[in-house]
Amino acid sequence: MNRVVCILLNCFCVSVAVAQTLRSELQDDPYRTAGTLMAYPLQEQQHDTPPPGGKKPFYINHFGCQGSYYQDNPEFYDAPFFTLAKADGLDMLTKLGRDVLKRVGQLRSDAYNRSGELSEVGAAQHRNLMKRMVERFPEVFELGTIASGRSTTVNRCILSMEEALVQLAILRPMVISHKASERSSYYLNPQGKNLTPPKMDSATQAVYEDFVARNTTDDMRLMKKLFRDMSYVSSHVDASKLAAQLFELAGSIQNTLLHDSVTLYDLFSPDDLYRHWRQKNAWWYICYGPSQLTGQQQPYMQRRPLRQMIAMSDSIMALDFPVLHLRYSLETVLMPLVCLMELDGFGQSVASLDSLEKIGWADYRIAPMGGNIQMVHYRRSPQDNDVLVKVLLNEREAKLPVPTDCAPYYHWRDVREYYLKKLDAYEEK
């Protein structure tokens, strides 16, 4: 009995510590509260655990999402701008409110006619990602390497691929093929029955709305800072909606060159930023994660990408030269794929949205702008049948749900078997 109590207490302490770590991360860097809008962080070269038995990398299977970009819908910028501009025309804004209107106007002007376009920040992310990949795994980029890039037909995904491949061509002369075709959409951006996220049903919506209600922000405090007359706010402004719009806009600034000169984070208290983030993090978990509210089914939307990654890995095993496969999609594909692969425990399902921080489930850790999975394969020679694989999530060595005697390396045969059995079991239902 004492042993059981100790185990339970230890699990509780670990959960509390993880939740506190997340909140500390958000306080240390408010940009993280942007979640999937967080710009891929500048990375120092990661330390690699030495592979066992003299094995060397010979193949990289990369699946990533587009880099930082301007939001698709002009309303993202227009809605808060016109709400504030209308109030300004009636002399209803405070001095701070007029200054915020000016800042939002700057963001709106910068984004004009650039809907969904890869930003300069996003372009730099993919150039730097490729540079680090070449420096980290030089054996894969030797003379004779074949590189293949494929992208969805979404403009920002194509440009992300092109930025990476241009950088690769500068660093290493090699044969490179690249294409963006609807023929690849079946695995790069799956659509169709059981491949798109369903809208929340009424029961799930009720649970989510209850969670939001318990994580409300002090929107009226913000309104009092922006508007001179609260009766005007009551009659003409949706305070919660405007606060949410400004929060999203605040998070998006880091994806543009204005990040050094404009901010909106000064409008929010640390507690409000945390609560806004909790609401969005829970939404992503429901819509794209392994939530019990949606039957833990959402990650299986990306079974085609996972099958394709396995097939690509299998196809190069008999080759005696290095290969690089680069695939570029969207964050709405990357996130459920990470969950389907159960990388770093992100496939864990919980019943309560309040438990997400306890298990370390954070959207910005999974699929920030420029997020990526790299499956790096190792062997001693083409005759070596015991191929090892190491998976990097956003360039960090990830833990897989597969037993191994050489972590963070895993035997490819075990990884392949685990994922195929998982996919087959789902599709046989």
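**Close-up 1. The buried residues of helix H12.** Arg-303, Pro-305, Leu-306, Gln-308, Met-309, Ile-310, Met-312 and Ser-313 are the buried residues of H12; buried means under 20% relative accessible area, exposed over 50% and partly exposed in between, with a 1.4 Å probe and protein chains only. The model is predicted: local features need pLDDT of at least 70, side-chain atom pairs count only at pLDDT 80 or more, and totals for chains, interfaces and linings use all residues. Residues are numbered from 1 along each chain as its sequence is written, and side-chain values use heavy atoms, with hydrogens and water left out. Helices (H or I, at least four residues) and strands (E, at least two) are DSSP runs numbered from the N terminus. H12 covers residues 303-315, and its 13 residues reach 18 Å from the first C-alpha to the last, close to the 18 Å expected at 1.5 Å a residue; the expected span is 1.5 Å times one less than the number of residues. The buried residues of H12 pack against S1, helix H6 (185-188), strand S4 (323-329), helix H13 (331-341), S5 and helix H15 (412-427), where contact means heavy atoms within 4.5 Å.

Close-up 2. Two strands pair if DSSP finds at least two bridges between them. S5 pairs with strand S1 (residues 56-65) in the antiparallel sense over 8 bridges, with Ile-60 opposite Val-376. S5 also pairs in the antiparallel sense with strand S6 (residues 388-393), over 6 bridges. Leu-393 in S6 is the bridge partner of Ile-373.

**Close-up 3. A charge over a ring at Arg-379.** Arg-379 lies over the face of Phe-58, at 3.8 Å from the ring centre. A charge sits over a ring if NZ of Lys or CZ of Arg is within 6 Å of the ring centre and within 35 degrees of the ring normal.

Close-up 4. Side chains of opposite charge can pair when their charged atoms come close. A salt bridge is a side-chain nitrogen of Lys or Arg within 4 Å of a carboxyl oxygen of Asp or Glu, and by this rule the count comes to 31. Glu-163 and Arg-127 meet in a salt bridge at 3.0 Å, N to O. This pair links distant parts of the chain, with Glu-163 in helix H5 (residues 155-171) and Arg-127 in helix H4 (residues 120-136), 36 residues apart. Glu-163 is partly exposed at 23% relative accessibility, and Arg-127 is partly exposed at 32%. Lys-131 and Glu-135 form a salt bridge at 2.6 Å, N to O; they are 4 residues apart in helix H4, so they are separated by about one helical turn. Lys-131 is partly exposed at 35% relative accessibility, as is Glu-135 at 46%.

**Close-up 5. The salt bridge of Arg-132 and Glu-395.** The side chains of Arg-132 and Glu-395 meet in a salt bridge at 2.8 Å, N to O. This pair links distant parts of the chain: Arg-132 is in helix H4, and Glu-395 is in the loop between S6 and strand S7 (396-397), 263 residues apart. Arg-132 counts as buried at 10% relative accessibility, and Glu-395 counts as buried at 3%. Elsewhere, salt bridges that share partners join Asp-210, Arg-214, Arg-278, Asp-354 and Glu-357 into one network.

Close-up 6. Rings of Phe, Tyr and Trp (its six-membered ring) pair if their centres lie within 6.5 Å; planes under 30 degrees apart count as stacked, over 60 as edge-to-face and the rest as tilted. A search of the whole structure finds 15 aromatic pairs. The ring centres of Tyr-285 and Trp-361 are 4.9 Å apart and their planes lie at 80°, so this pair is edge-to-face. Tyr-285 is in helix H11 (residues 270-288) and Trp-361 is in the loop between H13 and helix H14 (363-366), 76 residues apart. Both Tyr-285 and Trp-361 are buried. The rings of Tyr-418 and Tyr-419 are also edge-to-face, because their centres are 5.6 Å apart and their planes are at 75°. Tyr-418 is partly exposed at 27%, whereas Tyr-419 is buried at 1% relative accessibility. Tyr-274, Trp-277 and Tyr-364 form one aromatic cluster, and Arg-23 lies over the face of Tyr-274, at 3.9 Å from the ring centre.
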